[in-house]
Amino acid sequence: MAAILEAIGATIIGGIFILTMITSIINIHAVGVNINQQIELVEISEDVVSVVETYLSLVGAGVADSAIISTQDTLFTYSYADSVGGTRHIVNMAQEKINNSRQLAVYVDGSPTPVLGPFELSDFGIQFTYYDANDNTNPADSLVRYVQMILEFQYDTFRDDIDKRYIRHRIQIWKYFKNLYL
Amino acid sequence: MTYGQIFLILLAMVLFSTIYLTTYNSLFDQADLAYKGMYLLNGQKIIDKYFQEIEANILGEIIVFDSLQSIYNGLSDSLTVSDVVYHVNISTTPCTRTGADTTTATPEFIRVDMSSWALRSDGDTLWIGMPESPISKVFVDLYY
């Protein structure tokens, strides 16, 4: 009888120990995956922002007037030309809602297919703040000289069922439209 | 169960806990590096903002080139990104085209040095460009 009780006791203790080990290993794996996701998200979002900055560098290039077309919190429309007086292009940088999630997309010349994106954003999405040359916010479109753009990207974590959370990366950039200063 | 068996189980638990804690610690170090990288990127963008501002103001003739020194030399400012306050220190020095210091009264080139620091939530100070080795850019007087 004593031997049976000992065997049961040993099984219970061993079982608890093995369960603890397995849970710990899964937790470590989850943390490792989340860190990896965070690093990947930072890499990808920084790449995206670099391209967005390239598009923002074009604001007002080669156009004499109406460089800034629309300035809204989540939408920025502007124009540029291939050369001075050359073909004019209109760029639309917008936050869209696709399948209940906010997405960043950049369209050129009204094309239905974005040239950049869509990229999934968090609930925060995008926020544009416009400034004139004297750092005053929300000036008339013709007086806008630089923009502050805040974007927050997100990614899934290891667990997507219980305790669902997202990995996020918020980026804040400023872009001075040097073409409008010339 | 004998004392020997109990001892072996306890030994196994201690050994496993050691491996577990070491692995967890390494993972938190990795996470810390990732977050430090994010702070550095934010700081770099803030510094870039000031460089852009100077360049735009010179291009747009909003400021005269020589007044760069009176406006920006010794300037301190701060900006908040993702609830972290970044402090920026700016200094200017007349220089040659290669960025070496000169003492010319009306220089053709001015070097703008910037360093930034932020106090992280864990109390550590993170520098982006140090005062003794700042992030620098040389600006030229277009009308010299």
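Leaving aside neighbours within four places in sequence, Leu151(A) is in contact with Val49(A), Leu104(A), Leu121(A), Ile126(A) and Ile171(A), contact being defined by C-beta atoms, placed from the backbone, that lie within 7 Å. The model is a predicted one, in which local features need pLDDT of at least 70 and side-chain atom pairs count only at pLDDT 80 or more, whereas totals for chains, interfaces and linings use all residues. Residues are numbered from 1 along each chain as its sequence is written, and chains are lettered from A and ligands numbered from 1 in the order in which they are written.

Leu151(A), together with Val59(A), Ala67(A) and Tyr78(A), touches the most other members of the largest nonpolar core, which has 35 residues; such a core is a set of buried Ala, Val, Leu, Ile, Met, Phe, Trp, Tyr and Cys residues joined through C-beta atoms within 7 Å, a residue being buried if 20 or more other C-beta atoms lie within 10 Å of its own. Apart from this core lies another, of 20 residues, among them Ile47(B), Tyr72(B), Tyr86(B) and Ala118(B).

The contact between the chains takes 25 residues from chain A and 26 residues from chain B. On the chain B side, the largest share, 21 residues, comes from helix H1 (residues 3-59), helices being DSSP runs of H or I with at least four residues, numbered from the N terminus. The 57 residues of H1(B) should span 84 Å at 1.5 Å a residue, which agrees with the 83 Å between its end C-alpha atoms, the expected span being 1.5 Å times one less than the number of residues. Buried residues in H1(B) include Met38(B), Ile47(B) and Ile58(B).

Technical notes:
Contact = placed C-beta atoms within 7 Å. Helix = DSSP H or I, 4+ residues; strand = E, 2+ residues; numbered from the N terminus. Buried ≥ 20, exposed ≤ 12 C-beta atoms within 10 Å, placed from the backbone.
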